[in-house]
Amino acid sequence: MKNEQDKARRVAYEAVAAVHRDDAYANLVLPLIQRDWGLYGRDAAFATELTYGTLRALGAVDAILAVAADRPVDRIDPQARDAMRLGAYQALYTRVPPHATVSSTVDLVRDVAPGAAGFANAVLRRVVEQDLETWLKQVAPDEATDRVGHLAVAHSHPEWVVRAFADALGGDLDETARLLVEDNERPEVHLCARPGLIDPDELAEQTGGAPGAFSPYAVYLPGGAPGDFPAIQHGLAHVQDEGSQLVASALVDAAIDGPDARWLDLCAGPGGKAGLLGAIAAGRGAHLTAIESVPHRARLVERTTRGLPVEVRHADGREVGLEFAEGWFDRVLVDAPCTGLGSLRRRPEARWRRQPSDLPPLTKLQRELLAAGLRAVRPGGVVGYVTCSPHLVETQVTVSETARRSGLGVELVDARPLLPAGMPGLGSGPSVQLWPHRHGTDAMFLALLRRMD
Ligand SMILES: C[S@@+](CC[C@H](N)C(=O)[O-])C[C@H]1O[C@@H](n2cnc3c(N)ncnc32)[C@H](O)[C@@H]1O
């Protein structure tokens, strides 16, 4: 290992290889590898940039490597392939000079796949001959005849995901392109200052952050490890995307007649929204029941809601009727399991793992959970259906089909007035779709359904 930068490259290699070999999550595995290799500060940041960047850009990088290597990437030895991916990413997406990219990549391949060093040298030399724009002209479908295919390669997203985004954006491919650009940026970390426990201005001052643009509870962090802040350690605040804060607070601000004390979070793990709902409930004399079907996630909810008026139950949300009488609750959140296509910014490998075949089982579960939520709420009460995916099948279709088949009187409530005044780009209602490129949030979806009878 010649220097700390080479160590950072090796760490990034180990992380990318773990993602591909073991189905690891980069955000979980990378900090462990950094610690094992004793990588800190600027070099750790370099390793993070290489790991996340390479995983995000994989579609374009692989298309380019396939041409430069004159063979499909799946016919390249897996160790050499991941090292070459890191090299191609550095050459095309960073300011690392070409000669440094080639020599450091060849050194890395020599360590992890010794027999492939000469091959890697030849391929990387070809890669650095052209810049990204020139390569994309060569490997991406023609923009004029296949815009979606072009966007998919140029912005490194699977084509089915680009189509889903475009559908949710009403077919506007210019706007879809803006979304894809934003999806490739590293998002800021958002904190939620729990109401009644800490003022957001005070939290901003303590953390060196800035108050959020929309949520009254949000603080944007410039960097650093959120877990180190005393406010987080003492349960006064938690890490949570601003969009998640907005949809949770819209649910509790929706007007309902009559009692307003029994709240339910039907899919609560790991507990971000339960933490915010619990803090608001404390200030309003309400109580939250938080249901989660996965044991370790139920334990996370317990931890994040400690000290709040929240009771956590490890149960299947679809069977809520076994534990509570129908119509027991005044407000219900159904934050359903989904493809997560709305938070691809936060999980660099997720876009390549998700498949269209994930949709049928997920939408079946979403419909069952939303139907259970509708049974659990009393007439006059309100259900918030939330996904961190903008895929129309998981959002609009799930809501309309479930409401239609529920056999209950259900009215959609306009969610837009429940978001902060002046928030742009909320569409024509009644549901709301947030977007990274419009709002700086994850692409959270919210539909509010009032039970009429
Ligand atoms: C999108 S996440 C919820 C995120 C959470 N509300 C938060 O803000 O932190 C969906 C959760 O639903 C849980 N889940 C999946 N199937 C469930 C079921 N049948 N009943 C209850 N929870 C379920 C998953 O384990 C996962 O923790």
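L277 is in contact with A248, V252, W263, D265, L288 and L333, leaving aside its neighbours within four places in sequence. Contact here means that two C-beta atoms, placed from the backbone, lie within 7 Å. L277 is also one of the residues that touch the most other members of the largest nonpolar core. This is a predicted model: local features need pLDDT of at least 70, side-chain atom pairs count only at pLDDT 80 or more, and totals for chains, interfaces and linings use all residues. Residues are numbered from 1 along each chain as its sequence is written.

**The nonpolar core**

- The largest nonpolar core holds 136 residues, and L266, L277, V334 and L446 touch the most other members.
- Such a core is a set of buried Ala, Val, Leu, Ile, Met, Phe, Trp, Tyr and Cys residues joined through C-beta atoms within 7 Å.
- Helix α1 (residues 4–22) gives the largest share of this core, nine residues.
- Helices (H or I, at least four residues) and strands (E, at least two) are DSSP runs, numbered from the N terminus.

**Domains**

- The domain assignment of the protein chain gives domain 1 (4–133), domain 2 (147–183), domain 3 (189–231) and domain 4 (242–451). The bounds come from an automatic or database domain assignment.
- The centres of domain 1 and domain 4, taken over C-alpha atoms, are separated by 39 Å.
- Their contact takes eight residues from domain 1 and four residues from domain 4.
- On the side of domain 1 that touches domain 4, α2 (26–36) and α3 (41–56) each supply at least two residues.
- The largest share of that side of domain 1, three residues, comes from α3.
- By class, the side of domain 1 that touches domain 4 has six nonpolar residues, one polar and one charged. Ala, Val, Leu, Ile, Met, Phe, Trp, Tyr, Cys and Pro count as nonpolar, Asp, Glu, Lys and Arg as charged, and the others, Gly among them, as polar.

**UniProt annotation**

- An unreviewed UniProt entry places "domain: SAM-dependent MTase RsmB/NOP-type" at residues 165–452.
- The end C-alpha atoms of residues 165–452 lie 33 Å apart, and the span is 36% helix and 21% strand.
- For "binding site", the unreviewed UniProt entry lists C267, A268, G269, P270, G271, G272, K273, E292, D316 and D335.
- UniProt positions follow the numbering used here, feature names are shortened, and annotations may be inferred rather than shown by experiment.

**Around the ligand**

- Of the 18 residues around the ligand, C267, G269, G272, K273 and G317 come nearest. A residue is near if its C-beta atom, placed from the backbone, lies within 6 Å of the molecule.
- α15 and β6 (287–292) each supply at least two residues of this shell.
- The shell around the ligand has six nonpolar, six polar and six charged residues.

- G271 sits in the loop between β5 (262–265) and α15 (272–284). G271 counts as buried because 26 other C-beta atoms lie within 10 Å.
- A residue is buried with 20 or more other C-beta atoms within 10 Å of its own, exposed with 12 or fewer, and partly exposed in between; C-beta atoms are placed from the backbone.
- G271 touches L300, V301, T304 and T305, not counting residues up to four places away in sequence.
- G272 lies in helix α15 and is buried, with 21 C-beta neighbours inside 10 Å.
- Leaving aside neighbours within four places in sequence, G272 is in contact with H238, Q240 and S244.
- V294 is in the loop between β6 and α16 (295–304). V294 is partly exposed because 13 other C-beta atoms lie within 10 Å.
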